[in-house]
Amino acid sequence: MKRQLNKNPKRVYLYGRLSHEDEQTGDSNSIVNQRKILTKYAEENGFTNFEFVYDDGFSGSDWERPAFTKMIEDVEAGNVSAIICKDLSRFGRGHLQVGFHTEILFPKHDVRFIAIHDNVDSDKEENELAPMVNLFNEWYLKSTSKKIRAVWQAKGKSGERLAVIPIYGYRKDADTKHLVIDDESAVVVRRIFKMCTDGIGAAEIARTFMGERLLNPSAYKYEKGIMQKQRPMKDPYFWNATTIHKILDAPEYLGMTINFKTWSKSYKDNRSRINPEENQMIFENTHPAIIDEGTWAVVRKMRQTKRRAPRYGEVGLFTGLCYCSDCNAKLYYLTRQLRTKTATRYEGAYSCSEYRKATQYQEPRKCTCHYISETALTDIVLESMRKVLTFAAVDERAFAQLIMEQSEADQKRDIATKKRLLKQKRSRVDELDRLFERVYEDNVSGKLTDERFAKMSAKYEQEQINLRAEMTELETAITGQESRLGDVDKFLAVVRKYTDIQTLSPAITNEFIERIIVYEPEKARGNRIQKVDIIYNGVGLVELPQDDNLWRDSAGSCTNKNSEAVGA
């Protein structure tokens, strides 16, 4: 007599699974075929309250499959009477996990488990070979994993892009499968970089996009069919600072392919881990660039300094560029509110951070204020920049020759100083060797106790370690400076982009200027005299010829008795 199961109100799950690797084996494991086999079996064996669920595109080693997870939740809630699979490998690959479910979890909740093609049925004594089948399935998974890793290693080392989903701003060409620019999203990427160079922070950019109801990268890719599976998302128009940071930090926008950015330990633990940079592989010019190298360099420089908006007014124009001439600390940007009967205005200025910290925490001051208003500094920088750009644009060859001579002289002096310092450190290392020999002899002869010898030798050894590290840095710095005397090509390339600069912006200042050195002001004949050195990217401090038609002073300073800050 056939067993009557249709009176049981609990659900019967018919479970199917198909991974990307299984798709290559033909139609035998297809979802459609699994549905036919399972439905036929359920109908022929009296299962009527059944439901077919499946996970498509999930590996058997992945135990976080959506349909599988929902099914197990129902098991633990006591709502399932049976689970039927085509075979054990469809349920999962991994003998420990499969064994836990079939030998512990399912019996605990009185769930019948059937794997049709493996002759496994927990209600019958036909499960002796199930552990062996599970082991074989796991061996198959391990073998397949090794093969896939080998293929991916070969692809990655050859420069073929490993990431399946293209980065925001690109799409895959239907024919070649190479990355091409997606015009609609590329506009947003360029806009993000432009807003960053304008001094707008990531959080503010995110708020702007949310206000405009702009689809975030994941929602956009899903809507355009670039990404087939959509992740759970409450709001497709939600942007955050992290998303903006990822876009600003992605070298792919320069046309690069970066492989092996992440890695996983094994097929059993496939969590992605960040790979150290030395283990990554970078291939240039693999696809069209969305961002040019100049913009990329400016953004990198600006992102090295946090640009926090002050309590009053806006972010400083020279934030992250100003340094104290005495202690070499950065100058903090500060604002104050000035009210009159008719209006309220905000005045920005820069002050030495060491001086500000001492004032704030009531500590002994290590430096002086070095105060300079942003208005005065803007006038100085704008005048300097106009003079330098005019001279460079009129005669590039003469400008290059001038910079080479000045740069060579400055760097030779710096190299000579470093070499003298390196010689001193080498002499000290040799001296420490002699001291160590002396204390060792004193210890052997009994003049020095073991405890005292241990302390002194440890001290000498640590000093030698520190000296050798400093020597290595000096040698590297000397080699680097000697190999790049007079390089002005990049600076001239930037100069050619601008014909006449009327006003300054964060993008312009960071594109031209490496740092601004502010000196402590002095009083002379009732005037406030303050020297400012402007160090330009790649060319350093530019001293223009003493020509009345060009400038009477250095390009890094200006003379203006009516200004708050004037040059030396």
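This is a predicted model: local features need pLDDT of at least 70, side-chain atom pairs count only at pLDDT 80 or more; totals for chains, interfaces and linings use all residues.
Residue numbers start from 1 along each chain as its sequence is written. Local features need a pLDDT of at least 70 and side-chain atom pairs count only at pLDDT 80 or more, while totals for chains, interfaces and linings use all residues; side-chain values use heavy atoms, with hydrogens and water left out.

**View 1. Strand β4 and its two partners.** Strands here are DSSP runs marked E of at least two residues, numbered from the N terminus, and two strands pair if DSSP finds at least two bridges between them. Strand β3 (residues 80-85) runs parallel to β4, and four bridges join them. Look for Ile83: its bridge partner in β4 is Phe113. Two bridges join β4 to strand β5 (residues 120-121), and this pair is antiparallel. Here Ile114 has Asp121 in β5 as its bridge partner. Between β4 and β5 the hairpin has four residues, and Asn119 takes a positive phi near 55°.

**View 2. The two faces of β4.** In a regular strand, side chains alternate between the two faces of the sheet. Strand β4 (residues 112-115) is covered on both: Arg112 and Ile114 are buried on one side, Phe113 and Ala115 on the other. Buried means under 20% relative accessible area, exposed means over 50%, and partly exposed is in between (1.4 Å probe, protein chains only).

**View 3. A three-stranded open sheet.** The order is β13-β14-β15, with antiparallel pairing. β13 (331-339) and β15 (372-373) are at the edges with a single partner strand each, so one side of each has no neighbour in the sheet. Strand β14 (residues 344-352) pairs with β15 over two bridges. To find your way around, spot Tyr350, which stands opposite Ile372 in β15.

**View 4. Asp533, a buried charge.** Asp533 sits in strand β19 (residues 532-536). Asp and Glu count as negative and Lys and Arg as positive; His and the chain ends aren't counted. What is the nearest side chain of opposite charge to the buried Asp533? That's Lys531, 4.0 Å away, yet Asp533 has no salt bridge (a side-chain nitrogen of Lys or Arg within 4 Å of a carboxyl oxygen of Asp or Glu). Asp533 does have a side-chain polar contact of 2.7 Å with Tyr519. A polar contact is a pair of N or O atoms within 3.5 Å; within protein, one must be able to donate a hydrogen and the other to accept it, and residues adjacent in sequence count only if both atoms are side-chain atoms.
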